[in-house]
Amino acid sequence: MRLPITVHRARLGKHSYRVIRPRPTPPNVVLRDFRNRKGEFDMRLDARAAHRIGVAWLLAARSPRSLVHIPLRGRTTPVTPQCRPRCVEWCCPLAEDEPQLDLLLLHRGLQFRPSRWKEVRARLDGGRPETAEIPASDVPDEENVLPFEEHWMDQHPLRQHVHAETLLLTGNAPLFRELSTWFLDLATRGPSMRSLTGRAHQCNELRFHADPREDSQLHMVYADRWSGADIKL
């Protein structure tokens, strides 16, 4: 798999940071923060965005010394943002009027403080274009992958912070590789369900805490109708 990227550099004191951005970010994706539900986030995206972001998670798995930044603020809302058919409200809530966020993926080993992100972002250079080559073998085999909850509860916790209008997700390579399938799955399953049943509703959830009673999660919903022109894979 090939992913066009832009590689940026920033220096903050004695530290130098390498920031990778997919180039370009697909237009049909929006990430929002539920202001009245702490730790809950809502993402709506079409097939191309789901595929591009899934590949970005694979790139993050291969980039332990880099920050992978996906700028998402300032996006339009899907024409039909609510789930079709409508889910129970608590299952597929809509964050239509909530603040929009960027997405940042980083490894725990970087020991990067979220409070640094705003200044690092402000100091990024113009960047240089590159193309990342990601082997198809990096995509986990569904038959050999443990359920996400086992990774999450046992050895690969996914941590989240919000800072400078950005959702920062901190993990490690095995976790990033596995979670890429949540997006790649939406990229194929959403359009196929539309063609088979006439209904495009598909959603996945990423939970951040080991305590199942906690509702901290990223809720992703496939949306194929947007105000701009849809882009096919």
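**Figure 1. Overview of the chain in the predicted model.** Of the 233 residues that make up the chain, 52% count as buried, meaning that they have under 20% relative accessible area with a 1.4 Å probe and protein chains only, whereas exposed residues have over 50% and partly exposed ones lie in between. This is a predicted model, in which local features need pLDDT of at least 70 and side-chain atom pairs count only at pLDDT 80 or more, while totals for chains, interfaces and linings use all residues. Residues are numbered from 1 along each chain as its sequence is written, and side-chain values use heavy atoms, with hydrogens and water left out. The chain has four helices and 11 strands, taken as DSSP runs (helices H or I, at least four residues; strands E, at least two) numbered from the N terminus.

Figure 2. Thr25 lies in the loop between strand E2 (15-22) and strand E3 (29-33), and it counts as buried because its relative accessibility is 17%. Apart from its neighbours within four places in sequence, Thr25 is in contact (heavy atoms within 4.5 Å) with Ile70, Pro71, Leu72 and Arg75.
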